[in-house]
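Please examine the structure shown below.

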Amino acid sequence: MTVFHFFNCAILTFGPHAVYYSATPLSEYDTFGTSVKAAIVYLGTALVKLVCLATFLKVPENDSFDPYQELLKALIGFIDVAGLYFALTQLTHRNISQNHKFQAVGLGWAFADSVLHRLAPLWVGARGLEFTWEYILQGLEANANLVLTVSLAALGSLMWLRKNKPRTLVPIIYACAGILATMPSITSYLRRGLGWHFPKVVGFELFASLAMAFISWQLFSACQKPSA
């Protein structure tokens with residue numbers, strides 16, 4: 001029963017990444033190599049973030065919300081944006097369109113994040129004797145993170161790869177990208193500052209991921225239209 005629970009949680013956590021790849025044109029255009037390269041860039045970015053966090057942040061004495069520490073975390077979190085910039089603009093890709101490139105990069109980035117942050121807790125905790133909803137919620141959180149990461153990659157492709165975008169949309173694109181980049185700090189404030197429980201935080205992340213995906217899709221579609 002414990003192994004069955006582990007496999008259920010693992011499928012919920014990592015299965016959507018495989019479904020996304022196989023159910024979209026990504027598999028037809030063989031973008032697997034691009035996703036692998038993005039995952040490697042993520043691992044390097046995560047190492048840099050870990051060094052910065054260990055250097056500049058102090059160990060909290062309690063679980064309370066510290067605005068100064070959270071501000072530093074948010075600033076360090078923008079290293080992810082730099083990593084996505086490198087993955088989108090500097091990596092060599094096959095002859096794939098901009099639409100497929102940002103999806104492949106976002107998918108590889110999100111999958112590497114899920115493996116790095118959720119595989120070990122699942123292996124240790126989900127095989128426990130006592131059933132808990134925590135690991136199912138972690139799987140749902142991984143799905144929200146996948147949508148948020150692909151949305152951020154889409155906005156990044158608009159910022160860095162598309163030159164002829166409408167000027168009126170540029171502030172909205174940058175504002176949405178800033179919200180997505182600071183989402184970890186926002187959820188940290190909800191959890192520690194407002195005292196939200198984990199299920200409520202995951203519900204917010206799922207709602208935010210759908211909202212930001214819709215906005216990113218609308219912005220991307222608007223920038224795809226030929227200028228008058």
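Q: Which residues does V202 touch, not counting residues up to four places away in sequence?
A: V202 is placed in helix α10; helices (H or I, at least four residues) and strands (E, at least two) are DSSP runs, numbered from the N terminus. The model is predicted, with pLDDT of at least 70 needed for local features and 80 or more for side-chain atom pairs, while totals for chains, interfaces and linings use all residues. Residues are numbered from 1 along each chain as its sequence is written, and side-chain values use heavy atoms, with hydrogens and water left out. With contact meaning heavy atoms within 4.5 Å, and residues up to four places away in sequence not counted, V202 touches L137, L140 and E141.

Q: Is V202 buried or exposed?
A: A residue counts as buried under 20% relative accessible area, as exposed over 50%, and as partly exposed in between (1.4 Å probe, protein chains only). The relative accessible area of V202 is 1%, so V202 is buried.

Q: What distance separates the C-alpha atoms of V202 and Q138?
A: V202 and Q138 are 64 residues apart along the chain. The separation of their C-alpha atoms is 8.1 Å.

Q: At what angle do helix α9 and helix α10 pack?
A: Two packed helices are described by the angle between their axes and the distance between the axes. Axes are lines fitted to C-alpha atoms, for helices over the stretch in contact, and angles run from 0 to 180 degrees between N-to-C directions. The axes of α9 (residues 183-193) and α10 (residues 198-224) are 10 Å apart, and the packing angle is about 150 degrees.

Q: How many residues of the contact of α9 with α10 are nonpolar?
A: From α9, M183, I186, T187, L190 and R191 meet V201, F204, E205 and A208 of α10. Ala, Val, Leu, Ile, Met, Phe, Trp, Tyr, Cys and Pro count as nonpolar, Asp, Glu, Lys and Arg as charged, and the others, Gly among them, as polar. In this contact of α9 with α10, two residues are charged, one is polar, and the number of nonpolar residues is six.

Q: Which residues does L107 touch, not counting residues up to four places away in sequence?
A: L107 belongs to helix α6 (residues 98-125), and its relative accessibility of 5% makes it buried. Leaving out residues up to four places away in sequence, L107 touches H17, Y20, Y21, L26, S35, L146 and V150.

Q: Which residues does S35 touch, again not counting residues up to four places away in sequence?
A: S35 sits in helix α3 (residues 32-56), where its relative accessible area of 9% means that S35 is buried. Residues up to four places away in sequence aside, S35 touches A104, L107 and G108.

Q: With which residues is W160 in contact, leaving aside its neighbours within four places in sequence?
A: W160 is located in helix α7 (residues 134-160). Apart from neighbours within four places in sequence, its contacts are V81, L84, Y85, L88 and T89.

Q: Is W217 buried or exposed?
A: W217 is part of helix α10. Its relative accessibility is 53%, so W217 is exposed.
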